[in-house]
Amino acid sequence: LTVRSQAFSNHWLYNFCMIEDIKARLREEIKRSGMTTVELARRVGVSSEMITQYCTTKKLPRLDTFARLCQVLDVSADYILGIDK
């Protein structure tokens, strides 16, 4: 690998790990809330399929949806993003 492709590879790996950590914390908080994906989706204003995608695919919510998710789940965005443990 060249230096440039190695840097890209490291950046990609970092982003992948970061996204997986965000998704894991989001899944944990959804479980902790006791809400179904249908109930959470209704309260956030998205489909239950979107909630599932946020937890299982590369898809992340828009910022306004992320803010509503955090509000409904009563969790800090900093925690979900891994800024604050």
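This is a predicted model: local features need pLDDT of at least 70, side-chain atom pairs count only at pLDDT 80 or more; totals for chains, interfaces and linings use all residues.
Modeller: Residues are numbered from 1 along each chain as its sequence is written, and side-chain values use heavy atoms, with hydrogens and water left out.

Biologist: Why is T65 called buried?

Modeller: Buried means under 20% relative accessible area, exposed over 50%, and partly exposed in between, with a 1.4 Å probe and protein chains only. T65 has 5% relative accessibility, so T65 counts as buried. This residue is in helix α4.

Biologist: And what makes V72 buried?

Modeller: The relative accessible area of V72 is 17%, and therefore V72 is buried. V72 also lies in helix α4. Of the 85 residues of the protein, 29% count as buried.

Biologist: Which residues does V72 contact, leaving aside neighbours within four places in sequence?

Modeller: They are M35, L40, R43 and V44, where contact means heavy atoms within 4.5 Å. V72 and R43 are 29 residues apart along the chain, and their C-alpha atoms are separated by 7.1 Å. T65, with residues up to four places away not counted, touches V44, V46 and Y54.

Biologist: How do you know that the buried residues of α2 are on the same side?

Modeller: The buried residues of α2 are L40, A41 and V44. They cover an arc of only 100° around the axis, so they are on the same side of α2. The arc is that of the directions from the helix axis to the C-beta atoms. An α-helix has 3.6 residues a turn, so residues three or four places apart point the same way. Exposed V38 and R42 are on the face of α2 turned away from its buried side.

Biologist: Why do the buried residues of α3 line one face?

Modeller: In α3 (residues 48-56), the buried residues are S48, M50, I51, Y54 and C55. Seen down the axis, they fall within an arc of 160°, so they line one face of the helix. E49 and T56 are exposed, on the face turned away from the buried side.

Biologist: Why is α2 called roughly perpendicular to α3?

Modeller: α2 (residues 37-44) and α3 pack at an angle of about 105°, with their axes 8 Å apart. That makes α2 roughly perpendicular to α3. Angles under 35 degrees count as roughly parallel, over 145 as roughly antiparallel, 65 to 115 as roughly perpendicular and the rest as oblique. Axes are lines fitted to C-alpha atoms, for helices over the stretch in contact, and angles run from 0 to 180 degrees between N-to-C directions.

Biologist: Which residues of α2 and α3 meet?

Modeller: T37, V38, L40 and A41 in α2 meet S48, I51 and T52 in α3.

Biologist: What makes a set of residues a nonpolar core?

Modeller: The set holds buried Ala, Val, Leu, Ile, Met, Phe, Trp, Tyr and Cys residues joined through side-chain atoms within 4.5 Å. In the largest such core, of 19 residues, L40, I51, L69 and L73 touch the most other members. The elements giving two or more residues to this core are α1 (3-33), α2, α3 and α4 (63-73). The largest share, five residues, comes from α4.

Technical notes: Helices (H or I, at least four residues) and strands (E, at least two) are DSSP runs, numbered from the N terminus.
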